[in-house]
Amino acid sequence: MNSTGNHTVSNGPAAGRVGADWYRTLANSPIGGPLGQLGLPRPAALRRYRPGQPLTDGPVLVGTAGTGRLAEHLLALPGLALPGPDPATEPGTEPEAGLGGLVLDATGLDTLAELAAARTFLSGALRRLRPSGRVVVLAGLPEQAGDVTAAAARHALDGLVRSVAKELRDGATANLVLLDAAAAPADLESTVRFLLSGRSAYVDGQVVRVGAAGPAAVEIPGGPLHTGRVVLVTGAARGIGAAIAEVFARDGATVVSLDVPAQGDALAATSNRIGGLALQLDITAADAPDRLTEYLLGRHGGVDVVVHNAGITRDKLLVNMDDARWDAVLAVNLRAQLELNAALLGGVGGQDAPLRTGGRLISVASTSGIAGNRGQTNYAASKAGVIGMVRALVPAAAGHGSTVNAVAPGFIETEMTGAMPFGTREAGRRINSLHQGGLPVDVAETVAWLAEPGSGGLTGQVVRVCGQSLLGA
Amino acid sequence: MTRNAPRRAAIIGGNRIPFGRAGGHYAKASNQDMLTVALDGLVARFGLRDERLGEVAAGAVLKHSRDRDLTRESVLGSRLSPATPAYDVQQACGTGLETVVLVANKIALGQVESGIAGGVDSVSDAPVSVNDDLRRVLMELNHARTLGARLAALAKLRPGQIVPDLPRNAEPRTGLSMGEHAAITAAEWEIGRAEQDELTVASHRNLAAAYDRGFFDDLVTPYLGLNRDATLRPDANTAALARLKPVFGGAGGTMTAGNSTPLSDGASTVLLGSDEWAAERGLPVLAHLVDAETAAVDYVHGGEGLLMAPAYAVPRMLARQGLTLADFDFYEIHEAFASTVLATLAAWEDKVFCTERLGLDAPLGSIDRARLNVAGSSLAAGHPFAATGGRIVATLAKLLAEKGSGRGLVSICAAGGQGVVAILEAA
């Protein structure tokens, strides 16, 4: 019962709704010009993915620092537009209108001289970057460097890329990908494509580690990326969960949307919008793992991707926190994930595990779980706990031929943030390099990337979707 | 001819909205609204968006004239394929179960592979019509061809004609309400107040317990802010019920607002199909419909109680199947009134009734009361007339699937002296 036809993924709250980002609208209007002169932030309209859209808005310049081992592979990346001749070196040729992205292969970077070469490449090309342009730097793992100098040079890229991300304007982003020595060029492809595309609109200043996919590699389908896969999304009735369900349906998956029975009407609406399936279940119930296992095996013969998105907040300063608030948040946000993951991976040897080989477990954490947040001791503890769980589950998931990852959303425009007090909401929106809140679809695209068949080399990662927020940076 | 060899229709699942109290949560919802949303919940549960099903059969007891082809209009408003045919059925409170039987029979004969049965009713959005005198004047005016004829028709207008016709919960042939009829039967069978109240408490407690253990998670979808049936009282107790005044049967009556079903709004649906259709979609089968029987009694002149037809239908069906009353793991007897359930059970235990009226050699027998309405019934859930059959069939099918084996009996009494009964067997 796959969905038929294309789906339009909603881009979050409609303009004009309570809590909508009126400031961004104003700053981009004809009368918004003076705002920039006053030194006020000028949030750009971010380039987001639409079906059929080219990978980047303009050609991608590929450069190397040191003896990169990937340039050839990168230049052959399907759908990658390459720039024409450079007028600076070949007089008489027309200058490019601008670049859609820069990819620097620094996998061979081992000396400070090579680090300087990285600077030279970037500084020369950054000015040619178009709005919502992309900077992707690829490097080897510092801990796998041959000597101390090489490790220092490689890690120096971390500071370089994060700073570039802060200097970029007009919705452009910069991210660093660290490649394990054991990883093949093919293991990198899904990540490079994601970071170059409009799907990573709100992922900025991040460091992602890519290893060898090994048994977690899944054959890439001919059609949409998630064709033929069964995807379970918890907390899918509305908000970020609904956006995740929509993106997977758009990309060809059979999507099971789960939420508590009390959200059943919104859940049915979400499911019917994307042509998926609704499952009403309280994931904190004692028999929830058994019931979910029975459903997944009985109805679908198993599951390929599980997105633990269900979460609640019950904010209160710790001194005023009662048992009910603490227990409810920990039960939904952390304990249920621990118990469901145990059931999904199955008993000893993974027998009767509903999660199929090549599976993807993805948790939605939060920047609150990284940075902490006043009034959210329970929520931050639960989300930090999720991060701890994800990292600790890596070996078990690998043994099962699967991966486990987390995304940590920052300020995302949802009904929940729409209801925040004005000052808190405005501060949350602006304290990041893109000077705006993200949309639920930004989180959804990031989750879908981690779940891709070609993302088997990504595991144990916590990727923030926060526009390089100052919180928890 | 193998194509038309009868097979048992599979009951795959169900969906209903929580039943609301008259004038409550669904006061502004129409029958079409409720049936459409119940269908959409079923579509979401089973991934049926844009599916062309064999048919959808549903109905309502209280129906607006604008709701001609209510079911087809609801299908068109739903996420099902618009190429899914639909028709309306109306058989008083037997409507819901009768639609299940109709769809199941077509599946059994191979005429369709899948279908949805259902029902809906609203007493909050009930049809109020122009009074008959005024209607005749308006029809005459409509047919008048000359100015003179029109004026003559208009001259017949009278102030009293503004009083509308309200739908009544009364039998057209006796003028008695259903409650008054049931009170007569309760008195005849000497059904006591205490046992009626006990049955009522059990209904509420069983329904509440079923909700608490998540039994209804895949049977009910919330609607308009209602998550559970509005009339459910988890704390129901006989002491509180004993304080209520009788509402039927005069001052000495035993029937109260507590042990009679409340007027309700709601809708229910049941997904049926052939085993093959279900298997192709990876849908587990909960139960099969084995048999069904409808009976009618002469409550006008024949001296039988208005709601006693199931007492006749069940023995006929059992005889055909070679079963006894004891051969069931679950009994789902619709609780129009607590006294109706008890009078039916009393009749089956009564030698005179069973020999003289049913033509049996001996009493039909007793049932194990621990197997009766174990997930609650109409006294607690409410009773939107045509929606009750779908509620019961989906509930019983799931009970059988949980048990993994066994057989269940459904018995539903209806106005007009009718009764629809059926047998379900675990898949």
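User: What domains does the domain assignment of chain B give?

Analyst: The model is a predicted one. For chain B the assignment gives domain 1 as 132–162, and domain 2 as 178–215 + 232–258 + 289–426. The C-alpha centres of domain 1 of chain B and domain 2 of chain B lie 48 Å apart.

User: How many residues of chain A are in contact with chain B, and which elements of chain A give two or more residues?

Analyst: On chain A, 21 residues are in contact with 19 residues of chain B. The elements of chain A giving two or more residues to this side are α8 (264–274), β8 (277–280) and α9 (288–300). The largest share, 5 residues, comes from α8(A). The side of chain A that touches chain B has 8 nonpolar, 10 polar and 3 charged residues.

User: What makes strand β9 of chain A largely enclosed?

Analyst: Burial requires 20 or more other C-beta atoms within 10 Å of a residue's own. In β9 (residues 303–308) of chain A, 6 of the 6 residues are buried, so the strand is largely enclosed by the rest of the structure.

User: How do you know that β9(A) pairs with β6 and β10 of chain A?

Analyst: Pairing takes at least two bridges between the strands. Strand β6 (residues 230–234) of chain A is joined to β9(A) by 3 bridges, running parallel. For β10 (residues 355–364) of chain A and β9(A) there are 5 bridges, in the parallel sense. Both pairs therefore meet the criterion. A:Val231 has A:Val305 in β9(A) as its bridge partner, and A:Val306 stands opposite A:Leu361 in β10(A).

User: Why does A:Val218 count as buried, and where is its place?

Analyst: A:Val218 is in the loop between β5 (207–210) and β6 of chain A. It has 23 C-beta neighbours inside 10 Å, against a cut-off of 20 or more, so A:Val218 counts as buried. Leaving out residues up to four places away in sequence, A:Val218 touches A:Gly358, A:Pro453 and A:Gly456.

User: What makes β1 and β5 of chain A the edge strands?

Analyst: The open sheet has 5 strands in the order β1-β2-β3-β4-β5 (chain A), with parallel pairing. In this sheet β1 (60–66) and β5 of chain A each pair on one side only, and so are the edge strands. From one strand to the next the twist averages 20 degrees. Within the sheet, β2 (residues 99–108) and β3 (residues 129–140) of chain A pair in the parallel sense over 7 bridges, and A:Gly101 has A:Arg134 in β3(A) as its bridge partner.

Conventions:
Residues numbered from 1 in each chain as written. Chains lettered and ligands numbered in written order. Predicted model: local features only at pLDDT ≥ 70, side-chain atom pairs only at ≥ 80, totals over all residues. Contact = placed C-beta atoms within 7 Å. Helix = DSSP H or I, 4+ residues; strand = E, 2+ residues; numbered from the N terminus. Nonpolar A, V, L, I, M, F, W, Y, C, P; charged D, E, K, R; others polar. Domains from an automatic or database assignment. Buried ≥ 20, exposed ≤ 12 C-beta atoms within 10 Å, placed from the backbone. Axes fitted to C-alpha atoms, helices over the stretch in contact; angles between N-to-C directions.
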